[in-house]
Amino acid sequence: MTKRARSMLRQMDRITRSWFLPTIGREKATFIGRLIDKHRPKRAVEIGSLIGYSAIVIAGHLPPGGRLTCIELNPYMAMIAEENLGAAGLATRSRVITGDARRVLPFLGSRFEFALIDATKEEYFEYLRALEPRLARGALVVADNTRLYRSRLKDYLAHVRRSGRYESHEQGFGDDAMEVSRFLGVRRE
């Protein structure tokens, strides 16, 4: 990650503490950065960008030639995320699409090797179902807030843990967690 991107994240850390914005925060950002550094995906997608904090982390850790697609429902937040990615020097490695991920994902031509889901909790399973045809075999899918909102994520968690399409585990972060799932492909019956 570049010095400019790290500086932008530090600024955003200060702002989000003052405004109480629910970004992934430093600890989860470090974890995601390490995942990307280890697996080296070329194509990534983020569902739910808010102000672009996690987008900067993802785009900043992608290998040369890597590209991030951000999908944000709120047009104002999408504009802020795009501006923050630009300020972090990552505009050429990312694009921000405004819209409902469930409707946008089927029209994306890319195969993704990394995905972060951090949007409306009750819709995680629907996002994943829309995303699955776009996932490359071996892709990592990370879902945020899986301990805080476990009751809202039952369908999602059941699918990644028991469908046979994923190897999945929970990564704890204090009172919260992220579900990290490796896409194995469609199970043949």
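1. By class, the residues that line the largest pocket comprise 10 nonpolar, 7 polar and 5 charged. The model under discussion is a predicted one. The lining of this pocket is made up of 22 residues in total, and the pocket holds about 380 Å³ of space.

2. Which residues lie nearest the centre of the largest pocket? They are Gly48, Ser49, Glu72, Asp118 and Ala119. Two elements, helix 3 and strand 2 (67–72), each give two or more residues to the lining of the largest pocket.

3. The second largest pocket has a volume of about 170 Å³. Its lining consists of 11 residues, and those closest to the centre are Met1, Arg26, Ala29, Thr30 and His61. Helix 1 (3–19), helix 2 and helix 3 are the elements that supply two or more residues to the lining of the second largest pocket. Helix 2 gives the most, with 5 residues. Sorted by class, the lining of the second largest pocket has 4 nonpolar, 3 polar and 4 charged residues.

4. Helix 2 and helix 3 also meet each other directly. Helix 2 covers residues 25–39 and helix 3 covers residues 53–61; their axes come within 9 Å and cross at roughly 25°. An angle under 35 degrees counts as roughly parallel, and the two helices are therefore roughly parallel to each other. The crossing of helix 2 and helix 3 is right-handed.

5. On the side of helix 2, the contact involves Gly25, Arg26, Ala29, Ile32, Gly33, Ile36 and Asp37; on the side of helix 3, it involves Tyr53, Val57, Ile58 and His61. These contact residues divide into 6 nonpolar, 3 polar and 2 charged. The student may note that Arg26, Ala29 and His61 take part in this contact and are also among the residues closest to the centre of the second largest pocket.

6. A further helix pair is formed by helix 6 (residues 124–131) and helix 7 (residues 154–162), whose axes come within 7 Å and cross at roughly 40°. Why is helix 6 described as oblique to helix 7? The reason is the crossing angle of roughly 40°, which makes helix 6 oblique to helix 7, because roughly parallel requires an angle under 35 degrees.

7. In this second contact, Tyr124, Phe125, Leu128 and Arg129 of helix 6 meet Asp155, Tyr156, His159 and Val160 of helix 7. By class, the contact of helix 6 with helix 7 has 5 nonpolar, 1 polar and 2 charged residues.

Definitions and conventions:
Residues are numbered from 1 along each chain as its sequence is written. This is a predicted model: local features need pLDDT of at least 70, side-chain atom pairs count only at pLDDT 80 or more; totals for chains, interfaces and linings use all residues. Side-chain values use heavy atoms; hydrogens and water are left out. Axes are lines fitted to C-alpha atoms, for helices over the stretch in contact, and angles run from 0 to 180 degrees between N-to-C directions. Helices (H or I, at least four residues) and strands (E, at least two) are DSSP runs, numbered from the N terminus. Angles under 35 degrees count as roughly parallel, over 145 as roughly antiparallel, 65 to 115 as roughly perpendicular and the rest as oblique. A crossing is left-handed if the near helix is turned anticlockwise from the far one by less than a right angle, and right-handed if clockwise. Contact means heavy atoms within 4.5 Å. Ala, Val, Leu, Ile, Met, Phe, Trp, Tyr, Cys and Pro count as nonpolar, Asp, Glu, Lys and Arg as charged, and the others, Gly among them, as polar. On a 1 Å grid over the protein atoms alone, a cavity is a set of points where a 1.4 Å probe fits but cannot get out, and a pocket is an open set with protein on both sides within 12 Å along at least five of seven lines; lining residues have an atom within 4 Å of a point. Grid points are joined across faces, edges and corners, and a volume is the space filled by probe spheres set on the points.
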